[in-house]
Amino acid sequence: MAKLSSEREMPCPCCGAVLTVDLNLGRIVSHEAPANPDAPDLGAAHTILAEQAAKRDALFEQSFQNEKNKGDTLAKRFEEALKEAKKEPVSKPLRGFDLD
């Protein structure tokens, strides 16, 4: 694209992108993003996707096992609470107006 005499290139102070500003319009007319050194290598995208799929499968399996054992854990806690309740004597509960 041909540059006009009223256009100036300026670096963005925040992200380092190159902005082309038209001084007559007072607007940005183009933007060039800076190179991102943290961007993943897309040549190895299939390995990245495979690793993420393996992590998802492992998390799902762990969640599945937790839910599978949840019923057993709750049943065990219920049995313990039932044993404790059987040890306590049966009494009539107190109500607020019984105390008057």
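Predicted model: local features only at pLDDT ≥ 70, side-chain atom pairs only at ≥ 80, totals over all residues.
**Exercise 1.** Find out which residue forms a salt bridge with K70, and where the two partners lie.

*Solution.* Start with the general idea: side chains of opposite charge can pair when their charged atoms come close. Now look around K70: the partner is E67, and the closest N and O atoms are 3.9 Å apart. The cut-off is 4 Å, so this pair makes it.

**Exercise 2.** The structure holds two salt bridges. Take the one between K87 and E84 and decide for each residue: exposed or partly exposed?

*Solution.* First check the contact: N to O is 3.8 Å. Then the accessible areas. K87 has a relative accessible area of 63%, and exposed means over 50%, so K87 is exposed. E84 comes in at 46%, so E84 is just partly exposed.

**Exercise 3.** A search of the whole structure finds one aromatic pair. Work out which residues form this pair and how their rings are arranged.

*Solution.* The residues are F60 and F64, with 6.4 Å centre to centre and 25° between the planes. Planes under 30 degrees apart count as stacked, so that's what we call this pair. Both residues lie in helix α1, four residues apart, which is about one turn. Finally, check accessibility: F60 is exposed at 56%, while F64 is partly exposed at 43%.

Conventions: Residues numbered from 1 in each chain as written. Heavy atoms only, no water. Salt bridge = Lys/Arg side-chain N within 4 Å of Asp/Glu carboxyl O. Helix = DSSP H or I, 4+ residues; strand = E, 2+ residues; numbered from the N terminus. Buried < 20%, exposed > 50% of the residue type's maximum accessible area, 1.4 Å probe, protein only. Phe/Tyr/Trp six-rings, centres within 6.5 Å; stacked < 30°, edge-to-face > 60°.
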